[in-house]
Amino acid sequence: MSYSQKVIDYFTHPRNVGKMDNPDGVGKVGNPVCGDVMELYIKVENGKIIDAKFQTFGCAAAIATSSMVTELVKGKTLDEALRISNETVTEALGGVPAIKRHCSVLAEEALKAAIADYKSKHS
Amino acid sequence: MMLKVIIFKIYHMLKRVYLDYAATSPTDERVIKAMAPYWQRFFGNPSSLHYFGQETRGAVEVAREKVARLIGAQPEEIVFTSGGTEADNFALKGVACVAKSQGQHLITTKIEHSAILKPAEFLAKQGFTITYLSPQKDGLIKPDDLRAALTDKTILVSIMHANNEVGTIEPIKELAEVIKKFRGAKKYPLFHVDAVQTVGHLPIDVNELGADLLSMSAHKLAGPKGVGALYIRKGITLEPFMHGGEQERGRRGSTENVPGIVGFGKACELAEKEMGAEEVRLSKLRDYFIKEVMSKIERVTLNGHVTKRLPNNINLSFEGIEGESMMLSLDLAGIACSTGSACSSNTLEPSHVMLALGVNPEMAHSSLRFTLGRETTKQDLDYTVNQLVKIIKRLRDISPYK
């Protein structure tokens with residue numbers, strides 16, 4: 001598998017792994033039947049994401065993109081965070097192989113779901 | 001850039017443990033030595049009647065005898081091919097072509113290799129009807145199910161000797177009995193056995209097994225890649241797969257792959273002498289590895305049959321972790337294996353074999369296959385188990401399924 005060095009780095013040393021106590025928003029996406037499940041937790045203060053954590057069942061690309069998205073969202077306003085797409089995430093990782101693109105979509109979906117969850121609880 | 005170079009160097013300096021022998025095996029030194037003169041010194045075309053041709057003709061026929069002897073066949077019953085896939089294609093399409101006026105029904109199983117499933121799909125498009133037998137949970141095909149599927153339109157049954165993914169060894173003899181009984185004095189249905197995973201690993205006698213056609217591949221038994229054979233029982237006619245010259249008694253056109261065939265013959269000769277001891281050695285290592293993993297890692301299941309399995313096959317599912325992430329982590333630790341996860345393939349579906357066995361999709365995605373071979377030692381397996389314990393813990397910490 002021709003993964004970039006950055007994907008391997010984020011896969012072998014993922015940042016922000018784990019469950020969050022009392023998250024403000026949770027996004028659960030994917031399906032174990034398809035081999036990819038991601039749970040993303042965010043903490044929000046004054047409209048800004050101040051912390052993010054994740055748990056993922058999936059391949060190296062899924063784990064690396066999950067971890068990268070938690071790094072990218074920290075310090076962003078919710079509107080800024082919503083503009084993060086799977087391309088943003090994969091670019092930050094130096095790209096992923098073409099057949100792995102579907103795994104990287106999960107990160108964007110989980111982020112959107114977590115923000116939607118936060119908004120539904122805090123509107 | 002420097003860092004990249006250093007990482008690259010470290011990656012290539014690692015201790016390497018190869019546990020993917022079912023994919024392919026290194027060519028034995030003695031095989032390479034046997035092949036060596038046939039590139040240049042003995043280069044003649046075996047079809048040529050002059051001295052140069054007759055030298056290589058002799059070598060091809062000696063190799064044919066060695067291949068035949070390994071499976072209890074007559075030399076003239078062996079047709080060399082470009083490998084296992086061609087042998088499988090030849091069997092299915094070759095029978096379908098000559099027997100279509102007798103019937104257009106074929107029976108195979110859901111757990112065959114793509115080299116059988118794809119030609120079967122192709123034949124279905126040509127108007128043939130295909131019945132796919134479902135295995136039991138342990139991978140075994142029931143003779144009763146085969147009996148129930150046979151019709152007077154059935155021209156061919158194709159069942160693998162042992163499954164390449166989960167290692168289950170099929171009851172070929174009993175299945176052959178069912179076919180023979182049903183066939184009586186008629187010509188069809190014929191019985192084809194894909195024995196790519198077993199030739200050179202388990203004792204095979206085509207007469208005892210009751211196979212009419214049997215596929216083999218050289219590189220699975222320490223022979224070279226790009227060569228295999230189809231056993232065709234005397235008296236059976238197939239449509240040639242490669243139309244061309246009169247090579248292989250008119251059954252396969254194309255100038256013979258002389259070095260490859262010589263290497264295949266040598267590999268068969270070595271296997272005949274050595275496979276008995278190797279079978280015992282590998283079975284012990286296999287059982288040791290399974291026991292070690294089961295005792296050191298929780299929530300692991302063995303896929304396939306517990307005892308009726310290839311001596312070198314271990315297929316395990318690790319609950320809560322996806323296979324590619326395990327495989328890649330092992331690769332980074334220098335260990336090569338394979339997985340039934342979708343993420344290792346171009347499709348999004350997990351292994352068709354796992355699904356046919358009734359393994360749930362999550363556990364199919366979580367499977368790893370380790371296949372042992374000549375170079376495998378107990379130390380290799382201890383190293384692998386140690387790495388596996390660490391990797392599974394790390395990935396389970398990341399997974400939402402604790």
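**Notebook: a predicted two-chain model**

I began with one pair of residues: Ile107(B) has Thr131(B) as its bridge partner in β4(B). This is a predicted model, and I kept that in mind throughout.

**Entry 1**

β3(B) covers residues 105–109, and β4(B) covers residues 129–133. They pair in the parallel sense, over five bridges.

Next I asked: is β3(B) mostly covered or mostly open? It is mostly covered, with five of its five residues buried. I then sorted these residues by face. His105(B), Ile107(B) and Thr109(B) lie on one side. Leu106(B) and Thr108(B) lie on the other. Both faces are covered.

**Entry 1: an open sheet in chain B**

I turned to another set of strands. Four of them form an open sheet, in the order β9-β10-β13-β12 of chain B. The pairing here is antiparallel.

Which strands stand at the edges? They are β9 (300–302) and β12 (338–339) of chain B. Each has a single partner strand, so one side of each is left without a neighbour in the sheet.

I checked how β12(B) is held. Two bridges join β12(B) to β13(B), residues 367–371, and the two strands run antiparallel. Ser338(B) stands opposite Arg369(B), which belongs to β13(B).

A helix also packs on this sheet: α10 of chain B, residues 258–296. I noted that α10(B) touches β9, β10 (313–318) and β13 of chain B. The direction of α10(B) makes about 15 degrees with that of β10(B).

**Entry 2: Pro75(B) in its loop**

I picked a loop residue next. Pro75(B) sits between α3 (51–70) and β2 (78–81) of chain B. I wanted to know how open its position is. Pro75(B) has 14 C-beta neighbours inside 10 Å, so it counts as partly exposed. A buried residue would need 20 or more, and an exposed one 12 or fewer.

What does Pro75(B) touch, leaving aside neighbours within four places in sequence? Its contacts are Glu61(B), Arg64(B), Glu65(B) and Ala68(B). I also looked up Tyr231(B), which is 156 residues away from Pro75(B) along the chain. Their C-alpha atoms are separated by 9.2 Å.

**Entry 3: chain A**

I moved to the other chain. Chain A has five helices and three strands. From the N terminus on, its elements run α-β-β-β-α-α-α-α. The radius of gyration of chain A is 13 Å, close to the 14 Å that the globule rule gives for 123 residues, so chain A is as compact as a globular protein of that length.

I noted the spans of the C-alpha trace along its principal axes: about 45 × 30 × 20 Å. Buried residues make up 46% of chain A. Among contacts in chain A between residues at least 6 apart in sequence, 62% join residues at least 24 apart.

**Entry 4: where the chains meet**

**Entry 5: confidence**

Last, I looked up the scores. Chain B averages a pLDDT of 95, and 95% of its residues score at least 70. The model scores ipTM 0.93 and pTM 0.94.

Conventions: Residues numbered from 1 in each chain as written. Chains lettered and ligands numbered in written order. Predicted model: local features only at pLDDT ≥ 70, side-chain atom pairs only at ≥ 80, totals over all residues. Helix = DSSP H or I, 4+ residues; strand = E, 2+ residues; numbered from the N terminus. Rg over C-alpha atoms; globule rule 2.2 N^0.38 Å. Contact = placed C-beta atoms within 7 Å. pLDDT = per-residue confidence, 0-100. Pairing = 2+ DSSP bridges. Axes fitted to C-alpha atoms, helices over the stretch in contact; angles between N-to-C directions.
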